[in-house]
Amino acid sequence: MDVKSMVEGYRDELVEKLGELVSIKSEMGEALADAPFGAGPRDVLKAALAMCEKDGFKTVNLDNYIGYAEMGEGDELIAVVGHLDVVPAKKEDGWDTDPYQMVEKDGILYGRGVADDKGAVVASMIAMKVLRDLGTPLNKRVRLIMGTNEESGSRGLKYYVEHDEQPTYGFTPDGDFPCIHGEKGGLGLKYVSRKTSIRDIQGGTAGNIVCKNCYAVVDKCSFSRKKLEDYFNNNDMKYEITDNGETVRIDVEGIAAHASLPELGKNAIAYLLTGLKEAGYQDPFVDFFCSRVGLNTDGEGLGLKISDEYGALTCNCGVIHMTDGVIAGNLDIRFPVTYTSKQVIRLMQDNAEGEGGSIEVVHAGEPLFFPVDSPLVEALTESYREVTGDMTEPMVIGGGTYAKGLNNTIAFGCAFPGTDYRIHNTNEWCPIDELLKQAEIYVAGIQKLLSL
């Protein structure tokens with residue numbers, strides 16, 4: 001029996017396992033004594049490990065930070081590194097179904113995590129079973145590592161590196177096919193208001209998502225309502241202005257997208273604050289935000305409009321909040337692979353301070369880059385091409401994956417070229433046939449890594 005037929009034989013099992021994992025709301029939560037990232041991430045890890053143990057694989061749980069299933073023998077290690085945590089999702093955000101109750105319709109699965117990254121983890125489980133069914137000689141150990149904190153800082157992977165073994169070769173099924181040979185560097189910035197007359201402002205659910213919903217409360221006579229309404233209408237923005245007597249509340253709805261591709265969304269924070277400025281609202285913080293960020297997603301206002309042959313810098317404002325009269329929020333910067341974080345920070349220094357606010361660097365991460373002719377990139381690219389016949393070239397992306405935290409590891413799948421799975425958005429989806437194809441590709445990829 002060929003690999004494709006063997007993978008197909010696990011169709012029902014794949015759907016059942018994925019449905020169980022999707023049903024566990026594995027958003028980042030409050031740390032508990034036995035749950036460093038909250039009950040949901042702990043519970044989904046335990047469920048996934050139980051599946052692997054039932055299938056006969058050796059399993060290890062590293063204190064509910066991260067865990068793995070393993071097969072094979074030898075000193076060398078091939079790692080497949082996925083994650084089981086997800087970004088927040090609520091039906092009222094615009095989902096057609098409950099995001100934590102997986103639904104199948106016409107061969108397509110809907111639910112938070114079916115594409116990012118629970119679906120790929122389950123496809124990897126199936127790939128390991130097929131490799132075992134084939135009797136593939138395992139001269140290296142094959143380890144499926146499952147993290148619980150990828151969407152909120154990857155501290156679980158850091159815990160793994162501190163307590164366990166680096167791979168000889170590895171891939172993370174959390175990017176794009178055919179494979180990712182470079183990932184942009186990242187800067188996490190925090191902005192804080194110095195002076196503002198805004199009464200309240202809240203928006204966003206996560207720093208790595210283009211903000212979909214934002215509201216602000218301001219004094220009623222501090223701007224032109226007609227100009228604000230004209231601005232929103234001219235930009236096709238959904239909005240609501242509520243009169244509360246001396247103040248008004250302005251609600252804006254944008255379009256969510258991944259922070260690595262902010263141009264695909266419409267940022268509610270940016271449109272709300274820019275709209276207020278256009279409507280004559282006089283405020284030092286609004287001026288500061290609009291001059292440094294505004295509607296631009298290329299970092300121009302920060303002096304960061306830079307690019308290289310592999311891509312341009314991107315900037316996203318994911319969240320904003322006001323506490324005790326002070327506004328704070330985040331900026332997610334993805335910078336080109338030929339730059340260093342120090343170079344980028346130096347470029348923005350002259351734009352970090354202003355009358356209405358200030359910006360500071362919270363964390364910095366360097367780019368990841370492998371030449372396209374490196375053994376790891378060539379092996380995985382060939383695996384994809386042999387299974388699919390698609391000759392798409394390896395790519396560089398703005399998204400950051402687990403690959404940056406491990407030796408000799410790159411992203412390999414899970415997204416097929418040209419498909420928008422609405423990752424980090426409402427109605428996330430993935431066809432069952434694509435999940436099976438992923439498993440088939442992972443079998444081929446692991447086989448080639450075993451031969452290196």
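Predicted model: local features only at pLDDT ≥ 70, side-chain atom pairs only at ≥ 80, totals over all residues.

Trainee: Which residues of helix H8 are buried?
Mentor: In H8 (residues 284-292), they are Phe285, Val286, Phe288, Phe289, Cys290 and Arg292. Buried means under 20% relative accessible area, exposed over 50%, partly exposed in between, with a 1.4 Å probe and protein chains only. Helices (H or I, at least four residues) and strands (E, at least two) are DSSP runs, numbered from the N terminus.

Trainee: And what covers the buried residues of H8?
Mentor: The cover includes strand E10 (185-193), helix H7 (268-278), strand E18 (320-323), strand E19 (326-335) and E20. Contact here means heavy atoms within 4.5 Å.

Trainee: What's going on at the start of H8?
Mentor: A side-chain oxygen of Asp283 reaches to within 3.1 Å of the backbone nitrogen of Phe285. That's a polar contact: a pair of N or O atoms within 3.5 Å, where within protein one must be able to donate a hydrogen and the other to accept it, and residues adjacent in sequence count only if both atoms are side-chain atoms. After H8 comes Gly294, with a positive phi near 60°.

Trainee: You mentioned E20. Is Glu360 in there buried or partly exposed?
Mentor: Glu360 counts as partly exposed because its relative accessibility is 43%. Strand E20 spans residues 357-365. Leaving out residues up to four places away in sequence, Glu360 touches Gly188, Leu189 and Lys190.

Trainee: OK, new topic. Why does Thr409 count as buried?
Mentor: Because its relative accessibility is 1%. Thr409 sits in strand E23 (residues 409-411), and its side chain reaches the backbone oxygen of Asn407 at 2.8 Å. Beyond four places in sequence, the residues Thr409 touches include Pro167, Phe171, Leu368 and Phe370.

Trainee: How does strand E9 pair up with E22?
Mentor: E9 (residues 180-183) and E22 (residues 395-397) run parallel, with three bridges. Two strands pair if DSSP finds at least two bridges between them. E9 is also joined to strand E21 (residues 368-369) by two bridges, in the antiparallel sense. Gly182 faces Val396 in E22, and its bridge partner in E21 is Phe369.

Trainee: What about phi of Asn427?
Mentor: Near 55°, a positive value in a residue other than glycine. Asn427 is in the loop between E24 and strand E25 (429-431), and it's buried because its relative accessible area is 15%.

Trainee: Last one: which residues sit closest to the centre of the second largest pocket?
Mentor: Of the 20 lining residues, Asp93, Thr205, Lys212, Asn213 and Ala256. A pocket is an open set of points on a 1 Å grid over the protein atoms alone where a 1.4 Å probe fits, with protein on both sides within 12 Å along at least five of seven lines; lining residues have an atom within 4 Å of a point.

Terms used:
Residues numbered from 1 in each chain as written. Heavy atoms only, no water.
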